[in-house]
Amino acid sequence: MDDELPFAKGDFVRIDGINAVVVGNEEDENIPHDHIAVFFGSEFAKRESEGGQGNGNPEVWVVPIDVCEDGLEPVYKEED
């Protein structure tokens, strides 16, 4: 029996061509066996420091591992 999980928290994955980040796995409460929790990102929002409302609660999706593919390498950017 192989106990190694295929994706770790923080890994990038692709689901039907869309990038996501793994934020939970079956070792966490409420995540079923052979599933992971992923975050697809937030909608664009204006920063509170710029007079905006910021973002609401993040939406995290629990999906079967078998719909996930290895993610692409991220492109790192810095704020000017």
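Is Trp61 buried, partly exposed or exposed, and what is its relative accessible area? Trp61 is partly exposed, because its relative accessible area is 47%, where buried means under 20%, exposed means over 50%, and partly exposed covers the values in between (1.4 Å probe, protein chains only).

## Basis of the report

This is a predicted model, in which local features need pLDDT of at least 70 and side-chain atom pairs count only at pLDDT 80 or more, while totals for chains, interfaces and linings use all residues. Residues are numbered from 1 along each chain as its sequence is written, and side-chain values use heavy atoms, with hydrogens and water left out.

Trp61 belongs to strand S4; strands (E, at least two residues) and helices (H or I, at least four) are DSSP runs numbered from the N terminus. Leaving aside neighbours within four places in sequence, Trp61 is in contact with Ile36, Ala37, Val38 and Phe40, contact being defined as heavy atoms within 4.5 Å. Trp61 and Val22 are separated by 39 residues in sequence and by 9.6 Å in space, C-alpha to C-alpha.

Together with Ile18 and Phe40, Trp61 makes a nonpolar surface patch of about 310 Å². Such patches consist of residues with over 30% relative accessible area and no salt bridge; nonpolar side chains (Val, Leu, Ile, Met, Phe, Trp, Tyr) are joined within 5 Å, and like charges within 9 Å. Accessible areas come from the Shrake-Rupley method with a 1.4 Å probe, and for residues only the protein chains shown count as cover. Phe40 is placed in the loop between strand S3 (35–39) and strand S4 (60–64). With 35% relative accessibility, Phe40 counts as partly exposed.

## Phe39 in strand S3

Phe39 is part of strand S3 and is partly exposed, with a relative accessible area of 23%. Although 22 residues separate Phe39 from Trp61 in sequence, the two are 6.5 Å apart in space, C-alpha to C-alpha. Not counting residues up to four places away in sequence, Phe39 touches Ala20, Val21, Val23, Pro58 and Glu59.

Arg14 is located in strand S1 (residues 12–15). Arg14 is buried yet has no salt bridge, and the nearest side chain of opposite charge, that of Glu69, is 4.9 Å away. For such charges, Lys and Arg count as positive and Asp and Glu as negative, whereas His and the chain ends are not counted. A salt bridge requires a side-chain nitrogen of Lys or Arg within 4 Å of a carboxyl oxygen of Asp or Glu.

A polar atom of the Arg14 side chain lies 3.0 Å from the backbone oxygen of Gly17. The side chains of Arg14 and Asn19 are joined by a polar contact of 3.0 Å. A polar contact is a pair of N or O atoms within 3.5 Å; within protein, one must be able to donate a hydrogen and the other to accept it, and residues adjacent in sequence count only if both atoms are side-chain atoms. Apart from residues up to four places away in sequence, Arg14 touches Asn19, Val67, Cys68, Glu69, Asp70, Gly71 and Leu72.

Asn19 lies in strand S2 and is partly exposed, with a relative accessible area of 38%. Beyond residues up to four places away in sequence, Asn19 touches Val13, Arg14, Phe40 and Leu72. Asn19 and Glu59 are 40 residues apart in sequence and 14 Å apart in space, C-alpha to C-alpha.

## Salt bridges

Side chains of opposite charge can pair when their charged atoms come close. The structure holds two salt bridges. In one, the side chains of Asp28 and Lys9 meet at 2.9 Å, N to O. Asp28 lies in the loop between strand S2 (18–25) and S3, and Lys9 in the segment before S1, so this pair ties together parts that are 19 residues apart in sequence. Asp28 counts as partly exposed at 25% relative accessibility, and Lys9 counts as partly exposed at 47%.

A salt bridge also joins the side chains of Arg47 and Glu79 (2.7 Å, N to O). Arg47 lies in the loop between S3 and S4 and Glu79 in the segment after strand S5 (68–70), so the pair links parts that are 32 residues apart in sequence. Arg47 is partly exposed, with a relative accessible area of 42%, whereas Glu79 counts as exposed at 59% relative accessibility.

## Asn25 in strand S2

Asn25 is found in strand S2 and is buried, with a relative accessible area of 5%. Setting aside neighbours within four places in sequence, Asn25 is in contact with Leu5, Phe7, Lys9, Ile31, His35 and Ile36.
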